[in-house]
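Keep the viewer open as you read.

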Amino acid sequence: MDACMFYILFFSMFLTIKALESDCPTVKCSHDGPDIRFPFRVAGRQPQHCGQPGFDLVCKENTTMIDFPSYGPLVVKSISYEFRKLSLLDPKNCVHEVFLNLNPSGTPFQYYYLLKNFTYLNCSTRLSPSLNEVSCLSDSRNHVYTVESSFHMPFSCRQLKTIPIPFSYSPYLADNSFGLGLTWSLPGCEDCESRGGSCVFQSKEGLKTGCPSIAQDKGFSIVHLLSSGTGSMILIILVFIFVMTTMISIKVYFRQKLKEDEEAENENLL
């Protein structure tokens, strides 16, 4: 009986885990693309409760992309869930155009690196060779530079914007990705991944997130299991366990009862 019960419980656990995985599966846009899971999701391939609002990604021609209303689409190079880092590439190969126009305050993200105020200048003539011109923003009539906020602005220049950005322009740095890293923070999920957990919604209906404890031997979240969209499957499994346990118990009871009756009858014959 013990062996039978063990297999029943093990099989039901296996089905439950599979039901959970099928409800919020980890997906990729390509074979070598980043894993996409909570708080991110791909609309149309993962249910809405599998991701946070503002974390929607798009698969476009086997490329993982995220769209920002203030700028447009950026390529997702990698996602570190442990360090909460979203590494991006600019398909236009002009990271300073992203810095100049992207407004993270309207998104759930912040820059991953420390920020410093820099001023973008647009000048009608080239400035000193000691200053590096932002080539992807410049042409023959417009020469764009990033300078310290205290820089004395020449008469040939006008200020475009002073904003906090990770780095000033350098021709020696990659112009499509350097400094283009974002991070995020979800209440109750601080250092969740590094502690062996997985950040999830505490309920399917609400937006409250948390980091439930992980069953170390099975590697799945009990709270996530109970709060995911697999309630009917779980209920069926529990009913199955109850019915099978009851049937086995009844069978064992009558078998033992029959054996006792036969022993009693044999004693009476002697």
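**Cavities, a sheet and some charged pairs**

Search the whole structure and you find two cavities of 30 Å³ or more. Before we look inside, bear in mind that this is a predicted model, where local features need pLDDT of at least 70 and side-chain atom pairs count only at pLDDT 80 or more, while totals for chains, interfaces and linings use all residues. Residues are numbered from 1 along each chain as its sequence is written, and side-chain values use heavy atoms, with hydrogens and water left out.

Rolling a probe the size of a water molecule over the atoms shows where empty space is left. Here the work is done on a 1 Å grid over the protein atoms alone: a cavity is a set of points where a 1.4 Å probe fits but cannot get out, a pocket is an open set with protein on both sides within 12 Å along at least five of seven lines, and lining residues have an atom within 4 Å of a point. Grid points are joined across faces, edges and corners, and a volume is the space filled by probe spheres set on the points.

The largest cavity comes out at about 100 Å³. It is lined by 13 residues, with Tyr-81, Arg-84, Trp-184, Glu-193 and Cys-199 closest to its centre. Sorted by class, that lining has eight nonpolar, no polar and five charged residues (Ala, Val, Leu, Ile, Met, Phe, Trp, Tyr, Cys and Pro count as nonpolar, Asp, Glu, Lys and Arg as charged, and the others, Gly among them, as polar).

Now for an open space. The second largest pocket has a volume of about 160 Å³, and Leu-102, Pro-104, Tyr-111, Ile-163 and Pro-164 lie nearest its centre among 13 lining residues. Its lining splits into nine nonpolar, three polar and one charged residues. Which elements each supply at least two of the lining residues? They are α2 (95-101), β6 (109-111) and β9, where helices (H or I, at least four residues) and strands (E, at least two) are DSSP runs numbered from the N terminus. The largest share, four residues, comes from β9.

Follow β9 and you land in a sheet. Three strands form an open, antiparallel sheet in the order β8-β7-β9, two strands being paired if DSSP finds at least two bridges between them. The edges are β8 (143-148) and β9 (157-165), each pairing on one side only. Strand β7 (residues 116-123) joins β9 through eight bridges; one to look up is Asn-117, whose bridge partner in β9 is Pro-164.

Last stop: the charged pairs. Side chains of opposite charge can pair when their charged atoms come close. The whole structure holds five salt bridges, each a side-chain nitrogen of Lys or Arg within 4 Å of a carboxyl oxygen of Asp or Glu. In one of them, Arg-41 meets Asp-56 at 3.3 Å, N to O. This pair links distant parts of the chain, with Arg-41 in strand β1 (residues 41-42) and Asp-56 in strand β2 (residues 56-60), 15 residues apart. Is Arg-41 buried or exposed? Arg-41 is buried at 11% relative accessibility, whereas Asp-56 is partly exposed at 36% (buried means under 20% relative accessible area, exposed over 50%, partly exposed in between, with a 1.4 Å probe and protein chains only). Another salt bridge joins Glu-97 and Lys-92 at 4.0 Å, N to O; Glu-97 is partly exposed at 23%, and Lys-92 is exposed at 52%.
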